[in-house]
Amino acid sequence: MKIALDPTPFHHTHSLLEFPALARELGYDHLQLTPHPDFLPFFNHPKADDRLVADLRRACRDAGVQIASVLPVLRWSAPDPDAREAAVRYWKQAIRMTVDLGVQQMNTEFQGRPELAEESERAFYRSMEELLPIIEREGVHIAIDPHPDDFVEQGLAAWRVIRGVNSPHLGFVYVAPHTFHMADEPLEIMRTVGDRIRVVHVADSMDHRRSHGLRYITNPPGSPARVHQHLRIGDGDVDWDEFFGGLAETGFLDREETVMVSSVFAENENAVAVSRYQLEQMTERAEAARSAARSRGTQKEEVRA
């Protein structure tokens, strides 16, 4: 498993080419590239040319840091045909850039609209018909997150959509701060998806469903707004013993291709300290979960004997 830094909190203090050295300074061996105006901006055409891609690869090499995953966010499930077609064109470029960086893992969101779920799902599968041959030919893997306000938000429903593409080159992103929007129980999602979980994002969040749905009050009542946070571990309601225990049970923590990303966006003013804290927490909790899983395995063997 690779533990990676999401540099989003540093977008306003560091340039794209400074991210690898920053990750090294903070103790990380890996980076996840998220939407950035100089590389893959949200929803629009990629902005990096071949020279910038080569410079970024060189900066990673100089810092001794690898890019573990590349995360574009594009409207490939848009019900609007023009937006969907543009997103497919941008995806083709994003895949080429990822390959040129020497990276095999990408992750993203479903996008689309929840109030137009059927139309969005049709658009998603149409985009996959165009992109899947390229994805498979280039040998990249794309993991998808059911993000709040996407056309599919529930964990198991999202897995069914991914499974329907019928390709081992697609998998699932489990985003811990989205736990309370995915509706299904975390362990049920992890056990069902199994080794097709390729990326996890680690940050805490409050459970907006508590207090009979009145923990967060929006006006006017009935607003469809989705509320969640990306807090540091321990500042919210995510059950971290369950989270890391589930990852250990499904083998995520012991697979070379998996990626665990620190994904805190709530404390930019403390980003350096929080990034180091996250790395320490992820490392220690992962090792504790591995040890507990090994102990349970030993106990089961002794019972069978």
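User: Before we start, what does buried mean here?
Analyst: Buried means under 20% relative accessible area. The model in question is a predicted one.

User: Then where does tryptophan 76 fall, buried or exposed?
Analyst: Tryptophan 76 has a relative accessibility of 0%, so it counts as buried. Tryptophan 91 is likewise buried, with a relative accessible area of 0%.

User: How many aromatic pairs does the structure hold?
Analyst: There are 11 aromatic pairs in the structure. One of them joins tryptophan 76 and tryptophan 91: the ring centres are 4.7 Å apart and the planes stand at 20 degrees, so this pair is stacked.

User: Which parts of the chain does that pair tie together?
Analyst: Tryptophan 76 belongs to the loop between strand 3 and helix 3 (81-100), while tryptophan 91 is in helix 3, so the pair ties together parts that are 15 residues apart in sequence.

User: And which residues make up the cluster linked by ring pairs?
Analyst: The cluster consists of Trp76, Trp91, Phe110, Phe124, Tyr125 and Phe151.

User: Next, the strands. Why is strand 3 described as largely enclosed?
Analyst: Strand 3 covers residues 66-70, and four of its five residues are buried, so the rest of the structure largely encloses it. Its pairing with strand 2 (residues 30-33) is parallel and extends over four bridges. Within this pairing, histidine 30 stands opposite glutamine 66 of strand 3. From strand 2 the chain passes through helix 2 (residues 50-63) to reach strand 3, in a β-α-β crossover that is right-handed.

User: What is the span of helix 2?
Analyst: Helix 2 contains 14 residues and spans 20 Å from its first C-alpha to its last, which is close to the 20 Å expected at 1.5 Å a residue.

User: Which of its residues are buried?
Analyst: The buried residues of helix 2 are Leu52, Val53, Leu56, Ala59, Cys60 and Ala63. Viewed down the axis of helix 2, these buried residues lie within an arc of 120 degrees, so they line one face of the helix.

User: What does the face turned away from the buried side carry?
Analyst: That face of helix 2 carries the exposed residues Arg51, Arg61 and Asp62.

User: Moving on to strand 4: how many of its residues are buried?
Analyst: Five of the five residues of strand 4 (residues 105-109) are buried, so this strand is largely enclosed by the rest of the structure. Both of its faces are covered, with Gln105, Asn107 and Glu109 buried on one side and Met106 and Thr108 buried on the other.

User: Which strand does strand 4 pair with in the parallel sense over five bridges?
Analyst: Its partner is strand 5 (residues 141-145). Threonine 108 is placed opposite isoleucine 144 of strand 5. Together with helix 4 (residues 117-138), strands 4 and 5 form a right-handed β-α-β unit.

User: Staying with helix 4, is leucine 131 buried or exposed?
Analyst: Leucine 131 lies in helix 4, and its relative accessible area is 0%, so it is buried. Its C-alpha is separated by 28 Å from that of arginine 58, which is 73 residues away along the chain.

User: What about glutamate 138?
Analyst: Glutamate 138 is also found in helix 4. Its relative accessibility is 35%, and it therefore counts as partly exposed. Between glutamate 138 and proline 168 there are 13 Å from C-alpha to C-alpha, and the two are 30 residues apart in sequence.

User: Which charged end sits over the ring of phenylalanine 43?
Analyst: That of arginine 75, at 3.7 Å from the ring centre. Phenylalanine 43 is in the loop between strand 2 and helix 2 and is partly exposed, with a relative accessible area of 28%. Although it is not a glycine, phenylalanine 43 has a positive phi of about 70 degrees.

User: Where is alanine 183, given that its phi is positive too?
Analyst: Alanine 183 lies in the loop between strand 6 (170-175) and helix 6 (186-193). Its phi is near 70 degrees, and at 40% relative accessibility it counts as partly exposed.

User: Last one: which ring does the charged end of arginine 232 sit over?
Analyst: The charged end of arginine 232 sits over the ring of tyrosine 277, 4.3 Å from its centre.

Technical notes:
Residues are numbered from 1 along each chain as its sequence is written. This is a predicted model: local features need pLDDT of at least 70, side-chain atom pairs count only at pLDDT 80 or more; totals for chains, interfaces and linings use all residues. Side-chain values use heavy atoms; hydrogens and water are left out. Buried means under 20% relative accessible area, exposed over 50%, partly exposed in between (1.4 Å probe, protein chains only). Helices (H or I, at least four residues) and strands (E, at least two) are DSSP runs, numbered from the N terminus. Two strands pair if DSSP finds at least two bridges between them. A crossover is right-handed if, with the strands pointing away from the viewer, the path from the first strand over the helix to the second runs clockwise. Rings of Phe, Tyr and Trp (its six-membered ring) pair if their centres lie within 6.5 Å; planes under 30 degrees apart count as stacked, over 60 as edge-to-face and the rest as tilted. A charge sits over a ring if NZ of Lys or CZ of Arg is within 6 Å of the ring centre and within 35 degrees of the ring normal. The expected span of a helix is 1.5 Å times one less than its number of residues. The arc is that of the directions from the helix axis to the C-beta atoms.
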